[in-house]
Amino acid sequence: MRILMIEDEARIASFVKSGLESEGFLVEHAADGATGLELAVETEPDLIILDLILPRLGGEEVLRRLRGAGKTMPVLVLTAKDAIPDRVANLNAGADDYLVKPFSFSELVARIRARLRVTDQPTSNVLERSGVTLDLTRRVVRVDGRQAELTARELALLETLMRHAGHVLSQSQLLDQVWGYDHDPGSNVVEVYVGYLRRKLRPDLIETVRGAGYRFIDGA
Ligand code: CA
């Protein structure tokens, strides 16, 4: 799957690009709107990640011209918090989804997978381990048959841990995956959220591996 990212902030661009490449996507990057539009029309990527505030040509105009040229690939728009709801409401040019900055990497990947699945990837969307069932499409979690109410961040953390069940993930890996580029490296937020998951799900599901990180137990 080929993704074109049109984003002028170098820090976000390199964070997203390296993350998506490690997930197996091919990523091209354009740092301004005009170059992005040109690449989009020439290379017809499977999906476009489009920032709204861009040099040379704004994201809304890129989107309008892209749709005007008959290009129908999914477009995931990145917006700043204060741009909502005005700009989004004005965006009648055909965006498929929105992500508010700052976003976490796992949220971005979930949105990308969801968009690409709509067009052609029939992959399983349910994770099941150790008595926990996580339905990523419906955002529903069941543990030992009962439904648990999790916040978006808790879901993202649970998804990351479950995808690597049986393996230890370090605090900084979890920060990168779940909290994204915007996190404070000294924060104890991972420990706090692991605590929430243990309380809401089951205390034994996530092990603390001293000095290394956290591991979701790899049961049947
Ligand atoms: Ca920007």
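Student: How much space lies in the largest cavity?

Tutor: This is a predicted model, in which local features need pLDDT of at least 70 and side-chain atom pairs count only at pLDDT 80 or more, while totals for chains, interfaces and linings use all residues. Residues are numbered from 1 along each chain as its sequence is written, and side-chain values use heavy atoms, with hydrogens and water left out. About 50 Å³ of space lies in the largest cavity. On a 1 Å grid over the protein atoms alone, a cavity is a set of points where a 1.4 Å probe fits but cannot get out, and a pocket is an open set with protein on both sides within 12 Å along at least five of seven lines; lining residues have an atom within 4 Å of a point. Points are joined across faces, edges and corners, and a volume is the space filled by probe spheres set on them. The structure holds one cavity of 30 Å³ or more. Its lining consists of Ser106, Glu107, Ala110, Leu134, Leu136, Arg139, Leu155, Ala156 and Glu159. By class, five of these are nonpolar, one is polar and three are charged (Ala, Val, Leu, Ile, Met, Phe, Trp, Tyr, Cys and Pro count as nonpolar, Asp, Glu, Lys and Arg as charged, and the others, Gly among them, as polar). Helix 5 and helix 6 each supply at least two residues of that lining; helices (H or I, at least four residues) and strands (E, at least two) are DSSP runs, numbered from the N terminus. Glu107 and Ala156 also belong to the lining of the second largest pocket, which holds about 170 Å³ of space. Helix 6 gives the most to that pocket's lining, with three residues.
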